[in-house]
Amino acid sequence: MAAPKQATDPSRREDASAVDYLTELGARVRAARARRGMTRKILAHDSGVSERYLAKLETGEGNISVLVLRQIADAMDMRMLDLVSVGEQLSPQMQSLYQLARQMTEQELAQANSILKEALGHKTGRAKAKRISLIGLRGAGKSTLGPILSEKLGFGFIELNKQIEQEFGATLAEIFSLAGQPSFRRFERRCLQDIIESHDEIVISTGGSIVADEKTFSLLVQHTHVIWLQATPGEHMSRVVEQGDLRPMAGSQEAMADLKQILSAREPLYGRADEVCNTSGRAIDETAQNLLEIAEGLLAANSDQSP
Ligand SMILES: Nc1ncnc2c1ncn2[C@@H]1O[C@H](COP(=O)(O)OP(=O)(O)OP(=O)(O)O)[C@@H](O)[C@H]1O
Ligand SMILES: O=C(O)C1=C[C@@H](O)[C@@H](O)[C@H](O)C1
Ligand SMILES: [Mg+2]
């Protein structure tokens, strides 16, 4: 007869973490239901999921399907994300804002955004000081235009990714392969925080994926005047290839589709920038001049707001 599996068996460890996860998920559903004052019967009625199944789920016994979880989240008017992502819950204040925002039309959202920005204007204005950051996809021109802009403004210049490499004594590739993406994101945030604390007049060229981390990107938005350097997908691709990076050529159809997908996924995030600078079909000199005007406009608006 085969010996029973020991606790050190990796498959057992996976089982244990799955049980913990399902228990946590169940507790979240129960807590969310309780916060809304919904009995299990009401949630069953509103979601179309049986009371019996809900009871199993809430005690961590049911390995729920994504679609059923969506029914439950919808019935409680909440994001599935807040049920499934352990350790990443919205604070009560954020939840309240989120609920409010969910009921608004796009037009009302834009209005709410500018009302909030204005109401908090003196705070954000000071918080941004004379820091300009450039964001955008690979080949947008962040590294090319950043130093030119800093020279024209008489400010310092920092290439965030280079700063991270210096700070942590390893190349980006090494950081990604040895420490992994989550560590890179932590280093990136820490570096940005240090730069913000130590520089009031600076141009920062960021990495294209800085928008992927909500906290880091919020830090950037709150403490710098963010300018999104835009280009067409074709130009992003041709510029990267011209720089000698031949990776995008491996199956160029697929690479182009990937690039377009990344761009469209990031567009709403890049869209949080204070201003946009279109670099497409323009010479570097011309773009640099336009970028300078945009930056000066942002700095002037900021000095108007300062107390
Ligand atoms: N109008 C323009 N503005 C900026 N760069 C341009 C323009 N036209 C062509 N280029 C070229 O596009 C390339 C932009 O590359 P750059 O390395 O500055 O992009 P990046 O945004 O820093 O990308 P990455 O995310 O890979 O660091 C350069 O080779 C530059 O010469
Ligand atoms: O756009 C991207 O996805 C990236 C751009 C680089 O600057 C780095 O931030 C990282 O390698 C990822
Ligand atoms: Mg660059």
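This short talk goes through the two ligands in this predicted model and the residues around them.

First, the conventions. Residues count from 1 along each chain as its sequence is written, chains are lettered from A and ligands numbered from 1 in the order in which they are written. Because the model is predicted, local features need pLDDT of at least 70 and side-chain atom pairs count only at pLDDT 80 or more, while totals for chains, interfaces and linings use all residues; side-chain values use heavy atoms, with hydrogens and water left out.

I start with ligand 1. There are 16 residues around ligand 1, and K142, T144, Q243, R282 and T287 come nearest. A residue belongs to such a shell if one of its heavy atoms lies within 4 Å of the molecule. The shell divides into five nonpolar, seven polar and four charged residues. In this scheme Ala, Val, Leu, Ile, Met, Phe, Trp, Tyr, Cys and Pro are nonpolar, Asp, Glu, Lys and Arg are charged, and the others, Gly among them, are polar.

Which helices each supply at least two residues of that shell? They are α9, residues 142-153, and α16, residues 284-305. The most comes from α9, with four residues. Helices here are DSSP runs of H or I with at least four residues, strands are runs of E with at least two, and numbering goes from the N terminus.

Now the polar contacts, meaning pairs of N or O atoms within 3.5 Å; within protein, one atom must be able to donate a hydrogen and the other to accept it, and residues adjacent in sequence count only if both atoms are side-chain atoms. Polar backbone atoms of G139 and of G141 are each 2.9 Å from an oxygen atom of ligand 1. For R282, a backbone N or O atom lies 2.8 Å from a nitrogen atom of ligand 1. On its own, ligand 1 has 640 Å² of accessible area, and the protein covers 78% of that. The areas come from the Shrake-Rupley method with a 1.4 Å probe, and for residues only the protein chains shown count as cover.

On to ligand 2. Around ligand 2 we have N161, G207, G208, S209 and R266. By class that is no nonpolar, four polar and one charged. How far is the side chain of R266 from an oxygen atom of ligand 2, taking its N or O atom? The distance is 2.8 Å. Polar side-chain atoms of N161, at 3.1 Å, and of S209, at 3.2 Å, also lie by an oxygen atom of ligand 2. The protein covers 69% of the 310 Å² of accessible area that ligand 2 has on its own.

Last, the UniProt record. An unreviewed entry places "binding site" at R185, G208 and R266. Of these, R185 is in helix α12, residues 181-198. The "binding site" annotation, again from an unreviewed entry, also covers G139, A140, G141, K142, S143, T144, R247 and R282. A140 lies in the loop between β1, residues 130-135, and α9. UniProt positions follow the numbering used here, feature names are shortened, and annotations may be inferred rather than shown by experiment.
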